[in-house]
Amino acid sequence: MYEALNHIVFGWYPYLCLTVFLLGSWLRFDREQYSWRSGSSQLLRRRQLMWGSNLFHVGILVIFLGHFVGLLTPIWIFDAIGISHEFKQWMAIIVGGVAGIACFVGITLLVHRRLFDARIRRTSSFGDIAVLLMLYAQLVLGLLTIPISLQHLNGEEMVRFMTWAQGILTLQPGVSSLIADANPIFKLHLFLGMTIFLVFPFTRLVHIWSAPVWYLGRRGYQVVRARGGASHTIASRVQAAE
């Protein structure tokens, strides 16, 4: 029973999450770019927003880049350029720890601002709050893995997760067994991380795809309010001004 559950969570579930992430992101980018918004609260507690947002975004970008490179770069590349598993483990702990602390401070400010200011809470949707709390929990789990990693400085645990992640992307059968006896904190961290990819297309996280370069080739967007005191607005696309 345990092996079957482990295989479902770490063998099948990653493909479900990746499929929904890629297909959902593509469909929403193609059809619903103008729905990528949330209730604005920038006029409220602007100083707290500035500090929280900057610390969070800088920290999360470093963490994401570290996970992306660290997990998906083939092991033989690190061996070929002379980076030992132990050195890579120390770099992950130090760089990830510093970025994680900065991100933790930032997201704590954002969570406090979002939940404990009545005016901001009223302008927040369920999705805004839910995704913020998911990211908060994921960050806490990530920081909790640091003491565990300090007990495996030879890098063996790190190599195990690298092999699992690369095995998933290359459709290798049986890689879920690599996670079977991993520490529960790591398992929760992996599961919640995959779940964030699963819900990604349905939340405000899709704003990641809204890099400024996309606006260069996109038509203008104009909101027109009808006369006569109508309570609704008419949104239409117009040709960008030359």
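Let's start with Phe87. Phe87 sits in helix α4. Helices here are DSSP runs of H or I, at least four residues long, numbered from the N terminus. This is a predicted model: local features need pLDDT of at least 70, side-chain atom pairs count only at pLDDT 80 or more, and totals for chains, interfaces and linings use all residues. Residues are numbered from 1 along each chain as its sequence is written, and side-chain values use heavy atoms, with hydrogens and water left out.

Buried means under 20% relative accessible area, exposed over 50%, and partly exposed lies in between, with a 1.4 Å probe and protein chains only.

Phe87 belongs to a nonpolar patch on the surface. A salt bridge puts a side-chain nitrogen of Lys or Arg within 4 Å of a carboxyl oxygen of Asp or Glu. Areas come from the Shrake-Rupley method with a 1.4 Å probe; for residues, only the protein chains shown count as cover.

Which helix gives the most to the patch? Helix α4, with six residues. Both α2 (46-72) and α4 (85-116) supply at least two.

Now the cysteines. Cys17 is buried because its relative accessibility is 1%. Cys103 is buried too, at 1%. Disulfides, meaning pairs of cysteine sulfur atoms within 2.5 Å, come to zero.

Last, Pro184. Pro184 lies in helix α8 (residues 184-199). At 54% relative accessibility, Pro184 is exposed.

How values were computed. Patch = residues over 30% accessible without salt bridge, like charges linked within 9 Å, V, L, I, M, F, W, Y side chains within 5 Å.
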